[in-house]
Amino acid sequence: MPKIEFVTERRVVEVEKGAKLPDVVDACGSIFPFGCRMGSCGTCRCIIVEGMENLNPLTQAENDLFETLTSVGAKERLGCQLIISGDVKIRA
Ligand code: FES
C-alpha cells in the first residue's frame, strides 16, 4: 500500500492506491489545511518533497489557479486535487 508522509506533522499513513488526499486527511485526523476543496482558494497549496511521479497529473483547477499566481515552484501542488498511486512526501 502507498504511504503518505506529512513532513510537518512527522506522520506517515498507509492508503489505498487511488485514494484522494482530502479523504485521507479526514480519515487520519491530519491538520493538513483545506479551504474550498475544489482547487480555487489555494489554502491547500503544498510542496511535494518526494513522489511527484506517484500523483495524478496537474488538474485543470490547478493549472487555472497557478496561472493567476506570480511564482509557483515545480514541486507545488494543490492538496485537494491529489490522487495517490504510490509513496509521497508532502509538506503543507
Ligand atoms: S482547498 Fe481550496 S484550492 Fe484546495
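Guide: Buried means under 20% relative accessible area, exposed over 50%, and partly exposed in between (1.4 Å probe, protein chains only). This is a predicted model, in which local features need pLDDT of at least 70, side-chain atom pairs count only at pLDDT 80 or more, and totals for chains, interfaces and linings use all residues. Residues are numbered from 1 along each chain as its sequence is written, and side-chain values use heavy atoms, with hydrogens and water left out.

Visitor: How many salt bridges are there?

Guide: A salt bridge is a side-chain nitrogen of Lys or Arg within 4 Å of a carboxyl oxygen of Asp or Glu. By this rule the number of salt bridges is five.

Visitor: Is E9 buried or partly exposed?

Guide: E9 pairs with R11 in a salt bridge, N to O at 3.2 Å. The relative accessibility of E9 is 24%, so E9 is partly exposed.

Visitor: Which strands hold K89 and E50?

Guide: K89 and E50 form a salt bridge, with their closest N and O atoms 3.5 Å apart. The pair ties together parts 39 residues apart in sequence, because K89 lies in β7 (residues 88-91) and E50 in β4 (residues 45-50). Strands are DSSP runs of E, at least two residues, and helices are runs of H or I, at least four, numbered from the N terminus. The strands asked for are β7 and β4.

Visitor: Are E62 and R77 buried or exposed?

Guide: In the salt bridge of E62 with R77, the closest N and O atoms are 2.8 Å apart. E62 belongs to helix α2 (residues 60-67) and R77 to strand β5 (residues 76-78), so the pair ties together parts 15 residues apart in sequence. Both E62 and R77 are buried.
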